[in-house]
Amino acid sequence: MMLLLGAFHLLLWQGDIVFFYALLGFALLPLTRLSNKAALITGVILFLLPVLLYALKMHFMFLNYPAFLLFDTGDRLGWKLCGVNSNESYQAFMQHATLPDLLKGHLVDFFYRYGDLFFQSRIWKVLGIMLIGVVVGRSGSYKKLPGHKKLLYYIIAFGILIALPANYYAGRIYANKRQCLQRP
């Protein structure tokens, strides 16, 4: 049901995330068979994997192939369905679009959106968060959080001292994505 709702919403708004979450839910199902310890370790590895992938994608362009393929498909479909061949012509097209034109435009946007999700390696990050959520839900540990204030403070400190600078670094890499996405 979530997949259908997300697909419908995707036609109305290209920034939809529900469809993406529903797709990842299917990938999550076999991982729920893991023990809590294995699921937690796997979830953390998946969550941290994009940091490594960002660095690798800067040096090994072939790792960006899924994103290139989706972007190229968006380019070809944009020309075929909407008669646009640049961001500027697409913006002009969408400003004067009728409802059927909007639907065509959002179909084209799907390929750019998912190309960007592949480029960001968001699949692994979100799947890792979902898997960690499965462990937290199964173990019932979320019910005990108020009694672990010290742990929460450590997590906050980790976020400020480690995660914030790491996200800044990842943001700088992402800001350079135009250079990285230059097709060879």
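## Helices H1 and H2

Helix H1 passes helix H2 in a left-handed crossing. This is a feature of a predicted model. The axes of H1 and H2 come within 7 Å, and the angle at which they cross is roughly 150 degrees. H1 is therefore roughly antiparallel to H2, since angles over 145 degrees are counted that way.

On the H1 side, the residues that meet H2 are Met2, Leu3, Gly6, Ala7 and Leu10. Their partners in H2 are Val18, Phe19, Tyr21, Ala22, Leu23 and Phe26. Sorted by class, the contact of H1 with H2 has 10 nonpolar residues, one polar residue and no charged residues.

H1 covers residues 2-12, and His9 has its place in this helix. His9 has a relative accessible area of 32% and is partly exposed. Between the C-alpha atoms of His9 and Gly74 there are 19 Å, while the two residues are 65 apart along the chain.

## The chain as a whole

The protein chain has nine helices and zero strands. Read along the sequence, its pattern is α-α-α-α-α-α-α-α-α. The C-alpha trace spans about 60 × 40 × 25 Å along its principal axes.

The chain has 184 residues, of which 31% count as buried. Among contacts with a separation of 6 or more, 77% are accounted for by residues 24 or more positions apart.

## Helices H3 and H7

Helix H3 takes in residues 36-59 and helix H7 residues 122-139. Their axes come within 8 Å and cross at roughly 160 degrees, and H3 and H7 are therefore roughly antiparallel to each other. H3 passes H7 in a left-handed crossing.

The H3 side of the contact is made by Asn36, Ala39, Leu40, Thr42, Gly43, Val44, Leu46, Phe47, Leu49, Pro50, Leu53 and Tyr54. From H7 come Trp124, Lys125, Leu127, Gly128, Ile129, Leu131, Ile132, Val135, Arg138 and Ser139. By class, the contact of H3 with H7 has 15 nonpolar, five polar and two charged residues.

## Helices H4 and H6

Two packed helices are described by the angle between their axes and the distance between the axes. For H4 and H6 the angle is about 170 degrees and the axes are 8 Å apart. That makes H4 roughly antiparallel to H6.

The contact of H4 with H6 has 14 nonpolar, five polar and three charged residues by class.

## Nonpolar cores

The largest nonpolar core has 17 residues. Those with the most contacts inside this core are Phe20, Leu24, Cys82, Val84, Phe93 and Tyr114. At least two core residues are supplied by each of helix H2 (18-31), helix H4 (65-82), helix H5 (87-95), helix H6 (99-119) and H7. H6 gives the largest share, four residues.

Leaving out residues up to four places away in sequence, Phe93 touches Cys82, Val84 and Asp101.

## Two loop residues

Ser121 lies in the loop between H6 and H7. Ser121 has a positive phi of about 60 degrees although it is not a glycine. With a relative accessibility of 3%, Ser121 counts as buried, because the cut-off for buried is under 20%.

Gly140 is found in the loop between H7 and helix H8 (149-175). At 11% relative accessibility, Gly140 also counts as buried. In sequence, Gly140 and Gly25 are 115 residues apart, and in space they are 20 Å apart, C-alpha to C-alpha.

How values were computed
Residues are numbered from 1 along each chain as its sequence is written. This is a predicted model: local features need pLDDT of at least 70, side-chain atom pairs count only at pLDDT 80 or more; totals for chains, interfaces and linings use all residues. Side-chain values use heavy atoms; hydrogens and water are left out. Axes are lines fitted to C-alpha atoms, for helices over the stretch in contact, and angles run from 0 to 180 degrees between N-to-C directions. Angles under 35 degrees count as roughly parallel, over 145 as roughly antiparallel, 65 to 115 as roughly perpendicular and the rest as oblique. A crossing is left-handed if the near helix is turned anticlockwise from the far one by less than a right angle, and right-handed if clockwise. Contact means heavy atoms within 4.5 Å. Ala, Val, Leu, Ile, Met, Phe, Trp, Tyr, Cys and Pro count as nonpolar, Asp, Glu, Lys and Arg as charged, and the others, Gly among them, as polar. A nonpolar core is a set of buried Ala, Val, Leu, Ile, Met, Phe, Trp, Tyr and Cys residues joined through side-chain atoms within 4.5 Å. Buried means under 20% relative accessible area, exposed over 50%, partly exposed in between (1.4 Å probe, protein chains only).
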